[in-house]
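Dear colleague,

Please find below the sequence and the structure that I am handing over to you. My notes on what was found follow directly after.

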Amino acid sequence: MRSLLAAVLMLSLPVFAQGPATMVGVVASTSPKTAEDQAQALAGFVGSTLKGTARFRIFPNQEALAVALANGHVDVALMG
């Protein structure tokens, strides 16, 4: 899974390189601490892979994350 995500991110590099930071979105888990830890880890991975800055935002549910993704407020989303 990690290799697939890295490959997708590398192919998307020109798209994400346009802005100052890539926005990563995740859905809140049962624990706020767990959600933040997961979001930070994913943002770190995305930033490292793209050789840039990645910020994260935690969404309350899948629908809110999907809407943000569809509206261009999130560049990379972990859904599921």
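Helices (H or I, at least four residues) and strands (E, at least two) are DSSP runs, numbered from the N terminus.

Please note that this is a predicted model, in which local features need pLDDT of at least 70 and side-chain atom pairs count only at pLDDT 80 or more, whereas totals for chains, interfaces and linings use all residues. Residues are numbered from 1 along each chain as its sequence is written, and side-chain values use heavy atoms, with hydrogens and water left out.

**Overall arrangement**

The protein chain contains 4 helices and 3 strands, in the order α-α-β-α-β-α-β from the N terminus. Of its 80 residues, 29% are buried; buried means under 20% relative accessible area, exposed over 50%, and partly exposed in between (1.4 Å probe, protein chains only).

Strand E1 (residues 22–27) pairs with strand E2 (residues 54–59) in the parallel sense, over 6 bridges; two strands pair if DSSP finds at least two bridges between them. Valine 27 has phenylalanine 59 in E2 as its bridge partner. Together with helix H3 (residues 32–50), E1 and E2 form a right-handed β-α-β unit. Right-handed here means that, with the strands pointing away from the viewer, the path from the first strand over the helix to the second runs clockwise.

Which residues of H3 are buried? They are Ala35, Ala39, Leu42, Ala43, Phe45, Val46, Gly47, Thr49 and Leu50. The largest nonpolar core has 9 residues in all: Val24, Val26, Ala39, Leu42, Ala43, Val46, Leu50, Ala54 and Val76. E1 and H3 each supply at least two residues of this core, and H3 gives the most, with 5 residues. A nonpolar core is a set of buried Ala, Val, Leu, Ile, Met, Phe, Trp, Tyr and Cys residues joined through side-chain atoms within 4.5 Å.

A search of the whole structure finds 1 salt bridge, that is, a side-chain nitrogen of Lys or Arg within 4 Å of a carboxyl oxygen of Asp or Glu. Lysine 33 forms a salt bridge with aspartate 37, with the closest N and O atoms 2.9 Å apart. These two residues are separated by about one helical turn, because lysine 33 and aspartate 37 lie 4 residues apart in helix H3. Lysine 33 is exposed, at a relative accessible area of 56%, while aspartate 37 is partly exposed, at 35%.

Glutamine 38 also has its place in helix H3 and is partly exposed, with a relative accessible area of 45%.

**Helix ends**

Lysine 51 follows H3 and is found in the loop between H3 and E2. Lysine 51 has a positive phi of about 55° although it is not a glycine, and it is exposed, with a relative accessible area of 72%. Most residues other than glycine have a negative phi.

At the start of helix H4 (residues 62–70), a side-chain oxygen of asparagine 61 comes to within 3.2 Å of the backbone nitrogen of glutamate 63. After H4 comes glycine 72, with a positive phi near 80°.

Yours sincerely

Conventions. Polar contact = N/O pair within 3.5 Å; in protein donor to acceptor, adjacent residues only side chain to side chain.
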